[in-house]
Amino acid sequence: MKKEWWHNKVAYQIWPKSFQDSNGDGIGDIPGIISRLDDLRALGVDILWLSPVYCSPLADEGYDISDYYAVDPHFGTLEDLDRLIAEAKQRNMYLLMDLVVNHCSDEHYWFRQACADPEGPYGQFFYIEKHKPGDPMPCNWRGYFGGPVWDLLPGHEDYVYLHVFHKKQPDLNWENPQLRREVYKMINWWLDRGIAGFRIDAIINIKKVLPFRSYPADRPDGLCSVQRMLEEATGVLEFLDEMAEETFRKHDAFAIAELFDNKPEELPRFIGDKGCFSCIFDFAPEMLSKSPDGWMGAKEVTPDQWKHAVFTSQRLAKDTGFMANIIENHDEPRGVSRYIPEGERSETAKKMLGGLSFMLRGLPFLYQGQEIGMENTVFPTIDQADDCNTHGEYAAMLEAGLTPEEALAIVSRMSRDNARTPVQWTGEKNAGFTTGTPWYPINPNYRHINLEEQRQRPDSLWSFYRDLIALRRNEQWQETIVYGATEPWHEDESRLMAYYRRGPHTLLVLGNWQQEPREVQLPSVPQSILLSNLPDTQLEGASLHLRGYEFLILTLN
Ligand code: GLC
Ligand code: CA
């Protein structure tokens, strides 16, 4: 595996609407991000991914783009964005934009033109089919946000169009070379502007099984998950190789994909020396709670499942390339709420979870608020939910016979809104996020969970993440931490997660994922403790007494 400029970096996702408001309208914006760059620099992160800030009706919070070449006025202007790119560069930081090209907004010029003339050239930019009123739809796929993927083409009774996400997100037809050329032109336009690359949205969906056909229904609604179709789809890599060749490779850009449902044996074609992307996220732990029944069937994830999932991914990628290691993002509930049981969610436990994820081989990728341990929020009623997916899942649960209380309890646990509450900067009014009314209620726990308090405290979670990042940068350890092999240790021991990182040095990373202490016999007498989440570790020779949720990085040579 060739070494790349981004391998030793630490990445951080910004979800702009909730990051920092600068003008009191209650919505986070680009000038707000610029005002926080020094805070991010102090933490030590250097690759920044911005969730979409393009013009958008915000039906899916910016993932429905109506103009790829312009910034939505909610977030600022193109000049603001240019300034962000420049200010980031000055601080040796790299900016990634979000690339959302499986679909656009139904308010995009292309789709409007397609509605005006479905048989014209822009009709070919989408999947539009003739349809007689009363006839079945072209196929029975269920979209990601629930319901059928087909809707009547606005203004027409005899055409339908495909959308695998929200109905305001019509799918783009990648089979059309003209569409692909438009996409590559847009990508290059942004790369020429000075961004370092892209995070690539929902990309596996660009290849459909054609002609459209139905699959056996997997729920009483008579529909079948669109993922069933993806199992059969072949040929996505041809599109992706072409895109890489026409865009990313020419710019030595960093491209990280949101990739689900890919075939493991194809990994070397996705990442590594011959990959069409630089990197993909490791979603194995998030996938553990997925169920064919949606959130209704979402399972709790145990520490052992998390560990095995992560180790499986580490084995899979080891000779090929890097995956990005996360505990959460804007599509998931907060990692600390999900993976640490209620009542045990101390800062110590949060450090352990963060440390275990961060020290894996790959690219550590933090999500805004993770560095201060932000938690799931509260949902007094379903009206509080903003996210379209949450409303879709809620409706499905009611339809399946759950009571509103039961459905709301599941929403509270699973909703994407949990990760989308404004960042808690201070303990003051509105957590320092805005001087106006925040677009979404601040998590009430901001008075004790906020950056200002944690910056001052050497044993805070924020300080711990800063130390982890500094360790990755430390010349003595960098080679081992960035490139060393991951080798699980005592993998079958329940609620212990431990692994070596073997490079020029040998490190042993340990986390006692429970409140009860445990005794551990180390393979040799450690030379030193590089980092820990509790003071006064009890180490005698090779005997180690691990307290509840204790986390350690030991050097063995
Ligand atoms: C990705 C995004 C998610 C969005 C979806 C449709 O999964 O991360 O937020 O809803 O794609 O664009
Ligand atoms: Ca604003």
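How many disulfides does the structure hold? The structure, a predicted model, holds zero disulfides. The legends below describe close-up views of this model.

**Figure 1. Cys 55 and Cys 279 are shown with the cysteine sulfurs closest to them.** Cys 55 takes part in no disulfide. The nearest cysteine sulfur to that of Cys 55 belongs to Cys 104 and is 13 Å away. A disulfide requires two cysteine sulfur atoms within 2.5 Å. For Cys 279, the closest cysteine sulfur is that of Cys 276, and the 12 Å between the two sulfurs is too far for a bond. Cys 55 counts as buried, at 17% relative accessibility. Cys 279 is also buried, with a relative accessible area of 0%.

**Figure 2. The calcium ion (ligand 2) is shown with the residues that coordinate it.** Which residues coordinate the calcium ion (ligand 2)? The donors come from Asp 21 (OD), Asn 23 (OD1), Asp 25 (OD), Ile 27 (O) and Asp 29 (OD), at 2.2 to 2.4 Å. Along the sequence, the spacing of these donor residues is D-x1-N-x1-D-x1-I-x1-D. Asn 23 is exposed, its relative accessible area being 52%. Ile 27, by contrast, is buried, with a relative accessible area of 12%.

**Figure 3. Ligand 1 is shown with the residues around it.** There are 14 residues around ligand 1, and those that come nearest are Asp 60, Asp 201, Glu 258, His 330 and Asp 331. The shell around ligand 1 is made up of four nonpolar, three polar and seven charged residues. Polar side-chain atoms of several residues can be followed to oxygen atoms of ligand 1, including one of Arg 199 at 2.9 Å. In the side chain of Asp 201, an N or O atom lies 2.8 Å from an oxygen atom of ligand 1. For Asp 331, the distance from a polar side-chain atom to an oxygen atom of ligand 1 is 2.4 Å. How much of ligand 1 does the protein bury? Taken alone, ligand 1 exposes 310 Å², and the protein buries 96% of that area.

**Figure 4. The side chain of Arg 345 is shown with two backbone oxygens, those of Ser 337 and Ile 340.** Where is Arg 345 found? Arg 345 is in the loop between α11 (335-339) and α12 (347-358). The side chain of Arg 345 reaches the backbone oxygen of Ile 340 at 3.1 Å. A polar atom of the Arg 345 side chain also lies 3.4 Å from the backbone oxygen of Ser 337.

**Figure 5. A cis peptide bond is shown between Leu 210 and Pro 211.** The omega angle of this bond is about -10°. Pro 211 has its place in the loop between β10 (197-200) and β11 (224-225). Most peptide bonds are trans.

**Figure 6. Glu 61 and Asp 536 are shown as residues with a positive phi.** Most residues other than glycine have a negative phi. Glu 61 is not a glycine, but its phi is positive, near 50°. Glu 61 is placed in the loop between β3 (54-55) and β4 (67-71). Asp 536 likewise is not a glycine and has a positive phi, of about 55°. The loop that holds Asp 536 runs between β20 (528-532) and β21 (538-540). Is Glu 61 buried or exposed? At 8% relative accessibility, Glu 61 counts as buried, whereas Asp 536 is exposed, with a relative accessible area of 63%.

Definitions and conventions. Residues numbered from 1 in each chain as written. Chains lettered and ligands numbered in written order. Predicted model: local features only at pLDDT ≥ 70, side-chain atom pairs only at ≥ 80, totals over all residues. Heavy atoms only, no water. Buried < 20%, exposed > 50% of the residue type's maximum accessible area, 1.4 Å probe, protein only. Donors = N, O, S within 2.8 Å, 3.2 Å for Na, K, Ca; no water. Near = heavy atom within 4 Å. Polar contact = N/O pair within 3.5 Å; in protein donor to acceptor, adjacent residues only side chain to side chain. Areas by Shrake-Rupley, 256 points an atom, 1.4 Å probe, with all protein chains shown as cover. Nonpolar A, V, L, I, M, F, W, Y, C, P; charged D, E, K, R; others polar. Helix = DSSP H or I, 4+ residues; strand = E, 2+ residues; numbered from the N terminus.
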